[in-house]
Amino acid sequence: MKLVFAGTPEVAVPALDALLASGRHEVAAVVTRPDAPAGRGRRLVASPVAQRAEEAGIEVLKPARPRDEEFLARLREIAPDCCPVVAYGALLPKVALDIPARGWVNLHFSLLPAWRGAAPVQHSLMAGDQVTGASTFLIEEGLDSGPVYGVVTEDIRPTDTSGDLLTRLAFAGAGLLAATMDGIEDGTLQAVPQPVEGVTLAPKIQVEDAHVDFAAPALRVDRVVRGCTPAPGAWTVFRGERLKLIQVTPLPARSDLAPGELAVGKNNVYAGTGSYAVELLWVQPQGKKPMRAADWARGVRIAPGERLGA
């Protein structure tokens, strides 16, 4: 088939690579979000997908909005059979959905109908799921509600962050998307409607969602930290300033600390929760680089009874 691939961030690059490597289909162009400011100089930088496409000598389309007539006209000229999508980052209007003969097929990082929305991996971790995966489905106008072509599953490990899990799913999902394109082309795959039961939503994680409540149980604290790492970053407050929490570990054997209360050992820092304590392993004070929690504690000289939180 002739394909136009749509995607933007680094997590979409493995899928583009898989389609390029398969040799079975022609990737005629790539659609991605416009260049965005990055770095201290805030200069405009092309998306990771755009950079990979340019390296491969593929035409790159960067519409400000996917309903722009210039973009739609070019898409009609290319006349793709199918448009595979991974984390493109913009809603596709019906006028665009109708152009490819076999539609737009999205790789979504959850086992649909669970976790429809922008942040499925973060929500899965924060909810304490033990298994997740990726799904390919035919895009329709509803939110991630189209019929499913295929899935792969992935166990969630006890120390996984959303970054760890998303990296694994990006590579597992790349193979799934390539296989889905093959199955659509040769007629061996038929999309199956999603069940009406089991629908959960995964809206974008806001900064306030990443605020760690130490009155919650230790497992909840751990899940929020892992689910919000690396972005947007779990955080609390210490002495009136934000403190980012990068890694903690629950300690069921210690339950003598009040929620948020800190205790410092020779090379350890503990914080109480609504159940038992967690050990702080890596933190990032406001305006500084990530550091081991023990080094941070030595620098700030935590007084007995001091707490994390408002």
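Apart from neighbours within four places in sequence, T200 is in contact with P113, A114, W115 and R116, where contact means heavy atoms within 4.5 Å. The structure is a predicted model, in which local features need pLDDT of at least 70, side-chain atom pairs count only at pLDDT 80 or more, and totals for chains, interfaces and linings use all residues. Residues are numbered from 1 along each chain as its sequence is written, and side-chain values use heavy atoms, with hydrogens and water left out.

T200 is located in the loop between α6 and α7; helices (H or I, at least four residues) and strands (E, at least two) are DSSP runs numbered from the N terminus. With a relative accessible area of 27%, T200 is partly exposed; buried denotes under 20% relative accessible area, exposed over 50%, and partly exposed the range in between (1.4 Å probe, protein chains only). A separation of 32 Å was computed between the C-alpha atoms of T200 and L72, which are 128 residues apart along the chain. The loop between α6 (162–186) and α7 (218–227) also holds V199, which is partly exposed at a relative accessible area of 35%.

The largest nonpolar core has 33 residues, of which F5, L19, V86, F109, L177 and M181 touch the most other members. Such a core is a set of buried Ala, Val, Leu, Ile, Met, Phe, Trp, Tyr and Cys residues joined through side-chain atoms within 4.5 Å. At least two residues of this core come from each of β1 (2–7), α1 (13–22), β2 (26–31), α2 (48–55), β7 (104–108), α5 (120–126) and α6. The most is given by α6, with nine residues. Residues up to four places away in sequence not being counted, L177 touches F5, A15, L19, P84, V86, V105, L107 and T136.

In α2, the buried residues are V49, A50 and A53. These residues lie on the same side of α2 because they cover an arc of only 100° around the axis, the arc being that of the directions from the helix axis to the C-beta atoms. The buried residues of α2 pack against β1, α1, β2 and β5 (59–61).

T229 lies in the loop between α7 and β10 (234–238) and counts as buried, at 13% relative accessibility. Beyond its neighbours within four places in sequence, T229 contacts T161, S162, G163, L245 and I246.
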